[in-house]
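Hi! Here are my notes on the model you sent over, point by point.

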Amino acid sequence: MSEVSSPVHVALPTDKELVLKVIPMPADCNANGDIFGGWVMAQVDLAGSVLPARHTQGRMATVAVNEFVFKQPVRVGDILSFYSSVTRIGRTSITVKVEVYAERFRSQGRYIKVTEANVTYVAIDEQGRPRPIPQD
Ligand SMILES: CC(C)(COP(=O)(O)OP(=O)(O)OC[C@H]1O[C@@H](n2cnc3c(N)ncnc32)[C@H](O)[C@@H]1OP(=O)(O)O)[C@@H](O)C(=O)NCCC(=O)NCCS
């Protein structure tokens, strides 16, 4: 297994919207003491739903996530920022790209990219079937 590469500080995206900020707590850790990947994935799912909700105006479900690669660990006390933009609006589905940046505890204002994913949500009706996205 390769070593974790040295963190590179990056600029925040200017073409995406900040949709969530959250600070992981000890209850979110795995056995190594780092933050559990599944917890980060759940936050991405929540953050990713913010922009599609403006379009679907009602129930929706996550249908697909492509793909998660975790290049840097997330630690207790990091401030995580989730940036998102809509990349595709289909008939019943919307895809967003979500990028996650961490400010290390005691190193605020410097950002490390943690992961990114493309997430697709489907507008659904009361029976859970796909429904067309309202055209405003
Ligand atoms: C989401 C759900 C309602 C879609 O129903 P479906 O019959 O599979 O839907 P369809 O095949 O008609 O596809 C609906 C839309 O999803 C898109 N889609 C389906 N599979 C996809 C995939 N793997 N990747 C990206 N988009 C996908 C289709 O392209 C279509 O979008 P469009 O109308 O904009 O072109 C159904 O699959 C479902 O209920 N899944 C469970 C959702 C859920 O519980 N999520 C949380 C998991 S814990």
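1. The expected span of a helix is 1.5 Å times one less than its number of residues. Helices (H or I, at least four residues) and strands (E, at least two) are DSSP runs, numbered from the N terminus. Helix H1 covers residues 37-48, and its 12 residues should span 16 Å; the end C-alpha atoms lie 16 Å apart, which agrees.

2. Two housekeeping remarks. This is a predicted model, in which local features need pLDDT of at least 70 and side-chain atom pairs count only at pLDDT 80 or more, while totals for chains, interfaces and linings use all residues. Residues are numbered from 1 along each chain as its sequence is written.

3. Which residues of H1 are buried? They are Val40, Gln43, Val44, Ala47 and Gly48 (buried: 20 or more other C-beta atoms within 10 Å of the residue's own; exposed: 12 or fewer; partly exposed: in between; C-beta atoms are placed from the backbone). Seen down the axis of H1, these buried residues fall within an arc of 130° (taken over the directions from the helix axis to the C-beta atoms), so they line one face of the helix. Turned away from the buried side, the other face carries the exposed residues Gly38 and Ala42.

4. The cover over the buried residues of H1 includes strand E2 (17-22), helix H2 (50-56), strand E4 (79-89), strand E5 (93-103) and E6.

5. Beyond its neighbours within four places in sequence, Phe82 is in contact (C-beta atoms, placed from the backbone, within 7 Å) with residues including Gln43, Val44 and Ala47.

6. Around the ligand there are 13 residues, and Ala64, Gly90, Arg91, Thr92 and Ser93 come nearest (near: C-beta atom, placed from the backbone, within 6 Å). Strands E3 (60-66) and E6 (111-123) are the elements that give two or more residues to this shell; E3 gives the most, with four.

7. Most residues other than glycine have a negative phi. Gln57, in the loop between H2 and E3, has a positive phi of about 45°. Arg106, in the loop between E5 and E6, has a positive phi of about 70°. Gln57 counts as exposed, with 11 C-beta neighbours inside 10 Å, and Arg106 is exposed with 6 other C-beta atoms within 10 Å.

Terms used
Two residues are in contact if their C-beta atoms, placed from the backbone, lie within 7 Å.
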